[in-house]
Amino acid sequence: MNTAFDDQLFATFRCVFSTQRALLAGLSGGLDSTVLLHALRQWQITERPDLRLRAVYIHHGLNPLADSWAAHCRAFCEEYSVPFLMCPVQVDPRQKGIEAAAREARYQAFRDIIAPDEALVTAQHLDDQCETFFLALKRGSGPAGLSAMAENMDFGGHSLIRPLLSFSRVQLEHYAEINHLTWVEDDSNGDVRYDRNFLRHSVLPHLNTRWPHFAHAVSRSASLCAEQEALLDELLLPELAQLTDSNHGLSVSPLLAMSAIKRNAILRRWLDQCGALMPSQHQLALIWQEVALAKPDAEPGYFVKPRTICRYQGRLFAVDKITGLSTHCLRWNMVSVLILPDDAGYLYTTEAPDLTDLFSVVRPPKADEQVTVRFGLQGNLHISGRDRRRSAKKLWQELHVAPWLRDRTPLLWYNDTLIAAPGIFVTREGEANEAKLYIVRTKDNPAGGVVDRFRTVSDQ
């Protein structure tokens, strides 16, 4: 039976899925995702038979009823001829708490299984949007946080679409009743120890009773905050691009002339681009005072999950947690591609280097010279093109190698003679004469390269 609500749903689907050819729908077995999948299937049958649709149940392993929920979802999909996938995940609540950890595990599973041409579809609705707004308000969020959930957003090169954000739970319940749908109830949804459940059961019902259209008003406020953020992006992102270099380093000196309000907005957008969690106002002030404005000879750092904000040569950098490799000594045959440890990249030799990679021209090793790759530059050394020796620290500074990269920069040795830091310098002892050898350092394994996995000298 087609109802006015069906017509509203289908109109929304036509709008938000106009360019989509395949959808991956999250299915928990609850009311919201059950209604969404059923409505999508009906729309697919009547209007979009070319659309590919499949559903996935994420098994968190947290509830003893989870196996029965998975079985329910499988049976529901079989009844409506929707391809079904069950994906188990491991949830580690030790650092972020159970709610955040489960969400992170769920969305990582979505990233792992989504097909190249699929969009992810989830069933958050108007009441969820209102709860998300209040949770952001509780955290003291600004316009970005108060924007709550977007109807369509980027998801690692895919689209994450929430087509039910303008529909209330009451409307979804009515749809389920008319279509004789059954769903499962998660008993944890009634536990008011969780912030979202506390809002859902103890706070928002009173507000909705006093003001029946309260959730719609909150949704409008969230939309206005999103518009404000989009406008700021439009105004500030071009300027941010001018302030950052190819390594995402942010120049500090232009920020000194800005008002604190504009500077903070620039910093927040830069941190977002670097993959750092959005800092609080207090954290942002500490980044500016303790890192950006630190003394020139200092090496400051401030941790903002999962990055450390550092300053080097007048620029801010958001650095991954990295491990020094000075304990490694790798043998290399100089024929195969050498995989460096801890995702530090690759080395290989070639007769025609790709100019987009870092490379150095060195002499070939002699017959009695064993080739190794080590890390951690020490002592004084004389590099090609310089008139005298430099200390390792002074040399790194002159060559603009950041402190956090120095113990991860591969060093090529012939026996106990340092030859080069590929792509950075060649020593006097490594200079090429008639015979030349190109040593290339790259982040990615060159296509077709025969790989020689790193082996320490002690492994030989």
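A148 is partly exposed, with a relative accessible area of 22%; the classes are buried under 20% relative accessible area, exposed over 50% and partly exposed in between (1.4 Å probe, protein chains only). The phi of A148 is near 60°, a positive value in a residue other than glycine. A148 is placed in the loop between α6 (143-146) and β5, where helices (H or I, at least four residues) and strands (E, at least two) are DSSP runs numbered from the N terminus. The model is predicted, so that local features require pLDDT of at least 70 and side-chain atom pairs count only at pLDDT 80 or more, while totals for chains, interfaces and linings use all residues. Residues are numbered from 1 along each chain as its sequence is written, and side-chain values use heavy atoms, with hydrogens and water left out.

Q313 also has a positive phi, about 50°, although it is not a glycine. Q313 lies in the loop between β9 and β10 (315-320) and counts as partly exposed at 47% relative accessibility. A cis peptide bond, with omega of about -10°, joins K305 and P306; P306 is found in the loop between β8 (301-304) and β9 (307-312). Most residues other than glycine have a negative phi, and most peptide bonds are trans.

The protein chain contains 14 helices and 22 strands. Its radius of gyration is 28 Å, well over the 23 Å that the globule rule gives for 460 residues, so the chain is more spread out than a compact globule. The radius is taken over C-alpha atoms, and the rule is 2.2 Å times the number of residues to the power 0.38. Along the principal axes the C-alpha trace spans about 85 × 50 × 40 Å. Of the 460 residues, 45% count as buried. Among contacts (heavy atoms within 4.5 Å) with a separation of 6 or more, 69% are between residues 24 or more positions apart.

Six strands form an open sheet of mixed pairing, in the order β3-β2-β1-β4-β6-β5; two strands pair if DSSP finds at least two bridges between them. The edge strands β3 (84-88) and β5 (152-155) each pair on one side only. β2 and β3 pair in the parallel sense over five bridges, and Y57 stands opposite M86 in β3. Helix α3 packs on the sheet, touching β2 and β3, and its direction makes about 170° with that of β2. Axes are lines fitted to C-alpha atoms, for helices over the stretch in contact, and angles run from 0 to 180 degrees between N-to-C directions.

A further open sheet consists of five strands in the order β11-β15-β18-β19-β20, with antiparallel pairing. β11 (329-331) and β20 (425-426) stand at the edges with a single partner strand each, so one side of each is left without a neighbour in the sheet. β11 and β15 (residues 371-374) pair over three bridges, with V373 in β15 as the bridge partner of L330.

The largest nonpolar core has 40 residues, of which L9, F13, F17, L23, L37 and L40 touch the most other members. Such a core is a set of buried Ala, Val, Leu, Ile, Met, Phe, Trp, Tyr and Cys residues joined through side-chain atoms within 4.5 Å. The largest share, seven residues, comes from α2. Leaving aside neighbours within four places in sequence, F13 is in contact with S18, L36, A39, L40, W43 and P163. A second, separate core of 24 residues includes L250, V252, I287 and A292.
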